[in-house]
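Please look over the sequence and the structure first.

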Amino acid sequence: MIPETLKKSLQARVASAITAREAAVDVMKELQAHYGWLTDEAVQEAAALLGLSPLQVEELATFYEMIYRRPVGKKVIHVCDSISCWCADCDKIIQYLKDKLGVGLGGTTADGMFTLLPCCCMGMCGDSPAMSVGGVPYGRLTPELVDEILEAERHKV
Amino acid sequence: MPKLIIDDIPVEVAPGTSVLEAARSVGITIPHFCYHPALAIAAACRLCAVKLLDGPVKGIQMSCALPAQDGMVVSTTDPEALKMRALVIEWLMLNHPHDCPVCDEGGECLLQDFTIAGGHSRRRYQGKKRTFQNQYLGEGIHHEMNRCIECYRCVRFYQDYAGGTDFGVMGSAGRVYFGRFQEGALESPFSGNLVDICPTGVFTDKTGRFRARYWDYQFAPSICQHCSVGCNTSPQNFQRETIKIVGRRNDQVNGWFICDRARFDKGYLNDPQRPREPRLDGATCGYDVAVDAAAKSIAEFVRNNGADKLALVGSTRLSLEGMIVLAQVAEAAGGAKVCYFDDAGLQQGSLAAAKLLHEENAAYVKDIEQAQWIALHALDLMEEGPMLALAVRKAFLAGAQIFLVAGDTLPACKALPFKYTSVETLDQVPFEGGGKGVIICGAGSKDPELLAEMASSGAKLVMLQPGPNGFAAALLTQQHAAGPLAELVAARQVQAVVCFEADVPQTLLSDLEVLANADWRRGAVEAKAPIFLPTTTWAESDGTAINYEGRAQRFERSRVAGLPLKGLDPKYYGSATEAVTLHPPRVHRKDVPGGAERDAWQVMAQLIERLGGEPVEPLTGKWRALKSLDPEGEGVRILEMGLGE
Amino acid sequence: MDLPLFRHNRPNRVVTFDEYREEGGFEGLKKAFSGMSPNDVQQAVLDSGLRGRGGAGFATGRKWSFVPRDLPGPRWLICNCDEMEPGTYKDRVLLEHNPYSLIEGMTLACYALGVRHAFIFIRKGYEKAAANLARGMEEAKKAGLLGEHILGSEHSIELDLHLSAGRYICGEETALINALEGKRPNPRSKPPFPAIKGLWQGPTVVNNVETLANVPAIVANGAAWFKGLALNPEGAGSKLFCVSGSVKNRACVELPIGTTLGDIIDGACGGMRDGKKFKACIPGGASTQFLKPEHWNLPMDYDTVAKAGSRLGSGGVIVFDEGHCLVEATLNLINFFARESCGWCTPCREGLPYVKEILTRIENGRGEEDDITILREHVKYLNYTFCALAPGAMAPLDGLLRDFEDEVRDHIVKKKCPLK
Ligand SMILES: Cc1cc2nc3c(=O)[nH]c(=O)nc-3n(C[C@H](O)[C@H](O)[C@H](O)COP(=O)(O)O)c2cc1C
Ligand code: SF4
Ligand code: SF4
Ligand code: SF4
Ligand code: FES
Ligand code: FES
């Protein structure tokens, strides 16, 4: 169940849209922010808000890279594996992240803190290799920098 | 009218026709998966590639999405086009499980056909095949996602065409998945069409899986007998069992599709409990013995009580042939009464509708689809004529306004695949002088004055009949001034009945003597009748039905009468004289077990002969015109033929 | 140099509203609203020779001219800031430094097109750019430069942000329209083109961020001025080049159209990294063919790059040095495209994973002679897809087989990657 305030603000968002569907991505993102991932319950809530069926929300949710339909850790690490980052040896960084977190791609750390996912070009190619942690972008990664970032992100709320 | 050349054949087609359809019009089938005449163009599968050698566009093009234009020179056999098509097949085969032997689609699979046609036979791809988990989609449809070729037909049908919202497409890239949010029965009352529209074996009819292959089936053009819309079907029978029922195209009635009732509600046809043996006073007997007894009983009753105290009772599920001959039985009995309805209200409404409709005001399906407004009057459309809901939906999508008059409390309105405005009376429907409007109502139990008021609105009319052949019942009721049985019984004008496929309610039966009963169904009448004459259903008989708009349609016998081979009682293999079954069995029989049923009108004809009448043919006199009805045609509207008078 | 886009940029921060105005910002808007008709604005854009910066390079003024003005119902403008093409980050850099040029450019475009409501479609991850835009829009509204009655005129223009959730295909203009409508972002068939039937079936123009951000300077300084910025006579204006890969200073720079490849790498980016040798580059984002050392002096303009067998595309220059295996680089690109396929049409959905499987084998020393044939078939027949994603995906593969076939064969013959 979502809090009444969130529900109200989402209803307002839907009402201000030209068609309700137009607000679908916003609604999914807000519900995801609330639950941590887009739970089955969230899909159903989104459907109710948007006047769609849960299946119709699912059709959208499963299309987008940044909507999670499975549980994730407190913060999701998206590490770019596209071409500019490849040029900057992102493979090494990805391996480092896997080793350090003790998970494979798609895995969540035992403490539930991080989920590691590869992602497509983040538009940070000039600062490759790049990743984002909980939505915050980081570039020019080195193993040392990764250590620092993870340490800081772990304690940042 | 664009003129073009396809494979050296000059073709002229209507503007807007695609190259694929233009080719089809001269007998060239361009392979295709995503193209379906009833659905919007998707141009997704890319199989229908052809090469344009000259004209306004050149090179490889998708023929399904390319409107034919003047001066086009099209090759369907150009090596480049062939290569493209072979590659599309190869791509689709990368992940296809190739499990034809255990796939119920095998033999009627578009993918099989076009894979063979495409010439792809050697696997070059070395990767693994992707796999999916299937979902439980209810008792009607089995799901096997691995076979999917992502043509998007199913979702375009289910959501766009039929207005369903619980089935669709999820995921993207190489992981598109066609299914539901969570497992569960499909909600759309048209879900069964997924079986027909999917070009592969992803959706197969669970009620008839693994029983037979396409080439094993006996089938014939038929007409659904669940409601008065009269959708065209094709029952697929195997060893005297109706395994599946699929939709059959008729653009004047149901387009390509049928509702789930038409498809899945077939258990009664194969029911081992169906009464199949003639009976006299509770004991099985020969058919002729039973007919003789019935004739004798009728004659005796007439002698003792007078013919006018006897009624020959039919119903709206009797074929037109049966209805016609029923009146002749009454005549042969010396002027007995005849009834096609038992309920007075139903008869009154049905009759009024048949009288009010004429060629100008009786809506064609196209009129519904192209209407500007539609009023549904106190009508549970999903119950009385589900397929018309899809025609209304087409109008709705094209911008028509839909009104539900005095119908909000009806249960199935929730499931209507279009939005509507509820109003209380017809006056609240804001239409001007009819125009391109359609009123849809159920005729049964309607006040004739109300129906007349609708007819005077200038709108086109759809008056659904009570029962699949209600329109014919109304015509014959009119012709023979037949009465509703209930009224005759109330007025004590009738003491005994002979029933033909009639569902006389218990309340009436208690005041009546039932001399004989002919039916394929069990029920109260059967229980009361001392003589029972088993009849064939529509699946086992030839006949004619007239739908709500007065369209006469022919259905053909799709299989012989008799018990299904599957589950046949071992007694039919044994011997009546030997206590111990011998091996090999040496029981010789020429008749089909349980195959004594006869078409209702033929039973009547035999009765007439026993009663001293002349041999009869049902479709004579004014009905002769229907004799040559083409079962694979669109049927004919008898309103145009003056048969209604 | 007085180039239109980056001249307002401050190092490491976004230019303020006042700074932008002091430097001539919103002068174009004022000029248009005091005496230029909508048609004049469109004509200026047409005359300027501005071509779409989103990848296809279609003449912007011409695209605008396709929009029917006499149909009932609203028309729409959408700014495409989906920017997910690997190697491309120019729109982000622009908006993180200056949201105003885009806001002003969109207002001018709306004026020219008779649009009352426009959208900016922003990819996931560009929250900073979105925040800048949101703030900039508020400022512009307060100053009467956006919203109701712009500059006291009868014209009212509304701008809205649409924040997406990450998919490359959303950048394809018809998929973008579906995404904006809240539908699955599969592309739509063309025709009808968006200019005739787009957003909610109304006439719609979709333009890239950079394209629209150029409009204010064109209107303020005139078409001739803009045309004259280019170094080659056929070219017009400047271009944002965002460079990545093996250069010393990876940066997004604004340079005149017609600047040579060598000048971008040596001049703007300080040359190759660690003294490495230039092996090849992809000049316009992931969906373009390779350029080779022989193209060092190629003027970077749409037609010249096309003649050299590649495309200027988005201006995302990815530079490879002699240590890079181009089979592996191409594999990486294909992997991206296979993942980002929308799944609508067969050749893209199934063909890209097929190519990926083959390139993976070749890279791992398990390639076969036949593979090259199969790859070539894909290069040719993936042109016949529903949208331009798959043909784009084939561009680097086409380049690989055209320019580096020996390198591919080397993998197959040696049964290993020669660079590993
Ligand atoms: C797969 C694909 C992705 C695209 N992504 C973008 C994008 O991120 N940004 C963009 O401006 N154009 C993108 N385009 C091009 C757009 O379809 C469209 O041509 C462009 O936005 C038009 O703007 P312009 O004329 O200003 O260049 C993409 C095209 C394709 C086929
Ligand atoms: S879908 Fe067709 S090709 Fe596939 S397994 Fe079934 S019958 Fe064979
Ligand atoms: S399930 Fe059938 S109809 Fe649906 S996309 Fe797959 S193959 Fe086509
Ligand atoms: S080419 Fe790829 S992205 Fe484009 S429609 Fe086809 S599957 Fe979708
Ligand atoms: S390639 Fe990694 S951020 Fe662009
Ligand atoms: S039939 Fe033409 S693309 Fe599928």
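The model is predicted: local features need pLDDT of at least 70, side-chain atom pairs count only at pLDDT 80 or more, and totals for chains, interfaces and linings use all residues. Residues are numbered from 1 along each chain as its sequence is written, chains are lettered from A and ligands numbered from 1 in the order in which they are written, and side-chain values use heavy atoms, with hydrogens and water left out.

**Chain B and chain C**

Chain B brings 33 residues to the contact and chain C brings 29 residues, contact meaning heavy atoms within 4.5 Å. Of the area that chain B buries against chain C, 24% comes from B:Trp91, B:Gln126 and B:Ala173, more than from any other three residues. Buried area is the accessible area (1.4 Å probe) that two parts lose on being put together, summed over both.

The rule finds 5 salt bridges across this interface; a salt bridge is a side-chain nitrogen of Lys or Arg within 4 Å of a carboxyl oxygen of Asp or Glu. On the side of chain B that touches chain C, helix H2 (79–95), strand E4 (59–62) and strand E7 (168–170) of chain B each supply at least two residues. Helices (H or I, at least four residues) and strands (E, at least two) are DSSP runs, numbered from the N terminus. H2(B) gives the largest share, 10 residues.

**Ligand 2**

The residues around ligand 2, with a heavy atom within 4 Å of it, include B:His96, B:Cys100, B:Cys103, B:Cys109 and B:Arg147.

**Domains 2 and 3 of chain C**

An automatic or database domain assignment divides chain C into domain 1 (17–227), domain 2 (230–321) and domain 3 (326–414). The centres of domain 2 and domain 3 of chain C, taken over C-alpha atoms, are 23 Å apart. Their contact takes 11 residues from domain 2 of chain C and 16 residues from domain 3 of chain C. C:Lys279, C:Gln289 and C:Phe290 lose the most area on the domain 2 side, together 48% of what that side buries. The rule finds 2 salt bridges across this domain interface.

| Interface | Buried area | Carbon and sulfur share | Salt bridge (N to O) |
|---|---|---|---|
| Domain 2 and domain 3 of chain C | about 1,100 Å² | 70% | C:Lys279 and C:Glu407, 2.9 Å |
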